[in-house]
Amino acid sequence: MTVTVESARTYEVRTYGCQMNVHDSERLSGLLEDAGYVPAPEGETADVVVFNTCAVRENADNKLYGNLGHLRPSKVGNPGMQIAVGGCLAQKDQGEIVRRAPWVDVVFGTHNIGSLPVLLERARVQQEAQVEIKESLETFPSTLPTKRESAYAAWVSVSVGCNNTCTFCIVPALRGKEKDRRPGDILNEVRTLVDQGVLEITLLGQNVNTYGVEFGDRLAFGKLLRACGDIDGLERVRFTSPHPAAFTDDVIAAMAETPNVMHQLHMPLQSGSDRILKAMRRSYRAERYLGIIERVRAAMPDAAISTDIIVGFPGETEEDFQGTLDVVRESRFANAFTFQYSIRPGTPAATMDDQIPKEVVQERYERLVALQTEISWAENKKQLGRTLEVLVAEGEGRKDEATRRLSGRAADNRLVHFAPGEETPRPGDLVAVEVTYAAPHHLVADGPALKLRRTRAGDAWQARQAAPPAAGPGVMLGMPSIGRPAPLQESAGCSTLP
């Protein structure tokens with residue numbers, strides 16, 4: 001339903017959480033622009049501010065209410081301003097949000113993001129808060145209008161929800177059981193994106209490799225990867241995140257045999273201790289996990305594998321932690337997203353006995369980070385002298401302006417900073433560069449670019465730049481602390497990491 005806005009009211013979407021939330025925020029921005037809103041000018045408070053929240057991070061609610069409190073004077077000074085709260089925390093807290101922050105106009109959940117424009121209009125007309133939380137999916141998000149942040153790369157959701165019951169994670173309770181899209185709908189969306197200039201897509205789901213179970217095809221995800229290989233103009237396919245318990249050899253074969261599926265895999269480990277994995281309700285054990293890594297590397301020796309690890313889960317002993325270090329040493333991860341366990345209210349783990357003292361968790365965490373940094377650096381040094389094809393990105397490098405380097409991602413998703421050469425590539429173009437320096441978390445190529453391939457994705461980026469300038473960014477990553485934006489927060493609970 002389209003809502004007519006009397007004048008060009010401005011909006012801003014503030015996103016907190018995993019890639020699924022970023023994907024949802026692109027839909028929220030698309031819905032608002034479809035209803036007549038425009039992005040707020042840089043540095044100005046929008047007429048409509050939308051918080052797309054996450055519930056799996058420690059103190060997520062405190063951060064939300066702190067940011068809502070920061071906006072209260074703006075709301076008092078501008079009664080026509082509207083504030084909306086959606087996402088996992090809204091699904092969990094529901095009417096509690098309006099009770100604690102009565103200046104909020106709209107609360108909506110994870111299952112009905114398509115209702116936002118209607119709820120904003122209803123709140124404006126009725127002059128009272130609208131709280132609408134659905135207990136099951138109303139409209140699959142990918143059918144909604146979207147405003148994508150990138151001209152050359154895109155998320156494509158294959159499913160929403162999760163059928164697992166990990167004791168540290170509240171996501172299944174808030175996003176519901178897994179709902180799968182039909183393969184034809186997914187592939188049609190991918191083809192449309194490629195027609196628009198997109199060169200890289202990431203297939204997205206809470207547990208992508210269980211895709212197809214809902215309609216009775218346990219091999220559907222491998223088939224989907226192979227089908228993506230038949231799409232002309234699609235050069236890079238990634239996916240995140242699979243679950244080790246459901247990861248099958250047909251997916252490994254599809255990755256190895258489909259030229260545009262990247263040899264990069266994010267495989268959450270969480271713990272290397274079988275006892276802790278059982279307490280987490282992770283239905284695999286260390287031996288199975290290592291077996292997957294071995295088979296992936298046998299099929300794709302150049303594969304870059306990353307992971308998620310939680311340190312200090314309730315009841316974790318030093319022996320359990322040593323099990324994690326052992327798996328890390330054997331797996332040789334390119335990088336790891338490491339997290340100190342913290343209580344997530346509403347999860348079974350929150351009430352478990354033997355919560356680990358903070359100082360013990362911190363000490364173990366530091367040892368894990370030191371080990372993984374050493375491994376990441378050693379693995380990156382293996383790239384020295386190699387020629388990599390890099391997809392030029394927009395805004396990847398923090399120091400690029402000072403060094404005059406550009407940044408992008410290699411095929412295996414490693415971050416590469418490189419010298420642009422005589423002809424400056426555009427975001428979305430592809431350059432071949434030789435690696436001259438390796439750091440634990442990035443590579444540098446300071447020699448001249450060996451080859452520049454200008455792409456349709458770069459053309460799409462350039463066309464965006466030539467278009468009349470928008471008022472400002474409509475989607476803001478991270479729920480900012482007062483005065484400055486915070487980076488996108490990742491979560492071990494959601495397992496949808498890059």
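This is a predicted model: local features need pLDDT of at least 70, side-chain atom pairs count only at pLDDT 80 or more; totals for chains, interfaces and linings use all residues.
Visitor: Which residues of H5 are buried?

Guide: Start with the general idea. An α-helix has 3.6 residues a turn, so residues three or four places apart point the same way. Now the case here: H5 spans residues 116-126, and its buried residues are Leu-116, Pro-117, Val-118, Leu-119, Leu-120 and Ala-123.

Visitor: What covers the buried residues of H5?

Guide: The cover includes helix H1 (19-34) and the strands E3, E4, E5 (106-108) and E6 (130-132).

Visitor: Which residues is Leu-31 in contact with, leaving aside its neighbours within four places in sequence?

Guide: They are Ile-113, Gly-114, Pro-117, Leu-144 and Pro-145. Pro-117 has already come up as one of the buried residues of H5.

Visitor: Strand E3 was part of the cover. How many residues of E3 are buried?

Guide: Six of the six residues of E3, 48-53, are buried, so the strand is largely enclosed by the rest of the structure. To read a strand, look at each of its faces in turn. One side of E3 carries Val-48, Val-50 and Asn-52, the other carries Val-49, Phe-51 and Thr-53, and all of these are buried.

Visitor: Which strands does E3 pair with?

Guide: With strand E1 (residues 10-15), E3 pairs in the parallel sense over five bridges. Val-48 of E3 is the bridge partner of Tyr-11. With strand E4 (residues 82-87), E3 is joined by six bridges, and these two strands also run parallel. There, Asn-52 has Gly-86 of E4 as its bridge partner.

Visitor: How many residues are in the largest nonpolar core?

Guide: A core is read as a set of buried nonpolar residues joined through their side chains. The largest one here has 55 residues, and those with the most contacts inside it are Leu-203, Leu-225, Phe-239 and Phe-247. Apart from it lies another core, of 24 residues, which includes Val-49, Tyr-65, Ile-83 and Leu-174. Val-49 is one of the buried residues of E3.

Visitor: Which residues is Leu-203 in contact with?

Guide: Beyond its neighbours within four places in sequence, Leu-203 has contacts that include Val-156, Val-158, Ile-186, Phe-221, Leu-225 and Phe-239.

Visitor: At what angle do the axes of helices H12 and H13 cross?

Guide: H12 covers residues 318-331; its axis and that of H13 come within 10 Å and cross at roughly 10°. Angles under 35 degrees count as roughly parallel, and H12 and H13 are therefore roughly parallel to each other. On H12 the contact is made by Glu-318, Phe-321, Gln-322, Leu-325, Val-328 and Arg-329; on H13 it is made by Arg-364, Arg-367, Leu-368, Leu-371, Gln-372 and Ile-375. By class, that contact has six nonpolar, two polar and four charged residues.

Visitor: Is Asn-380 buried or exposed?

Guide: Asn-380 lies in H13, residues 358-381. Asn-380 is buried, with a relative accessible area of 4%. Its contacts beyond four places in sequence are Arg-414, Ala-438, Ala-439, Pro-440, His-441, His-442 and Leu-443.

Visitor: What is the strand order in the open sheet of seven strands?

Guide: The order is E19-E20-E17-E16-E15-E18-E21, and the pairing is mixed. An edge strand pairs on one side only, and here the edges are E19 (437-438) and E21 (451-453). Inside the sheet, E16 (residues 406-410) and E17 (residues 415-418) pair in the antiparallel sense over four bridges, with Gly-408 opposite Val-416 of E17.

Visitor: What is the pairing in the open sheet of three strands?

Guide: That sheet has the order E12-E13-E14, with parallel pairing. Its edge strands are E12 (264-266) and E14 (335-340). Between E13 (residues 304-311) and E14 there are six bridges, and Val-311 stands opposite Gln-340 in E14.

Notes: Residues are numbered from 1 along each chain as its sequence is written. Side-chain values use heavy atoms; hydrogens and water are left out. Buried means under 20% relative accessible area, exposed over 50%, partly exposed in between (1.4 Å probe, protein chains only). Two strands pair if DSSP finds at least two bridges between them. Contact means heavy atoms within 4.5 Å. A nonpolar core is a set of buried Ala, Val, Leu, Ile, Met, Phe, Trp, Tyr and Cys residues joined through side-chain atoms within 4.5 Å. Axes are lines fitted to C-alpha atoms, for helices over the stretch in contact, and angles run from 0 to 180 degrees between N-to-C directions. Angles under 35 degrees count as roughly parallel, over 145 as roughly antiparallel, 65 to 115 as roughly perpendicular and the rest as oblique. Ala, Val, Leu, Ile, Met, Phe, Trp, Tyr, Cys and Pro count as nonpolar, Asp, Glu, Lys and Arg as charged, and the others, Gly among them, as polar.
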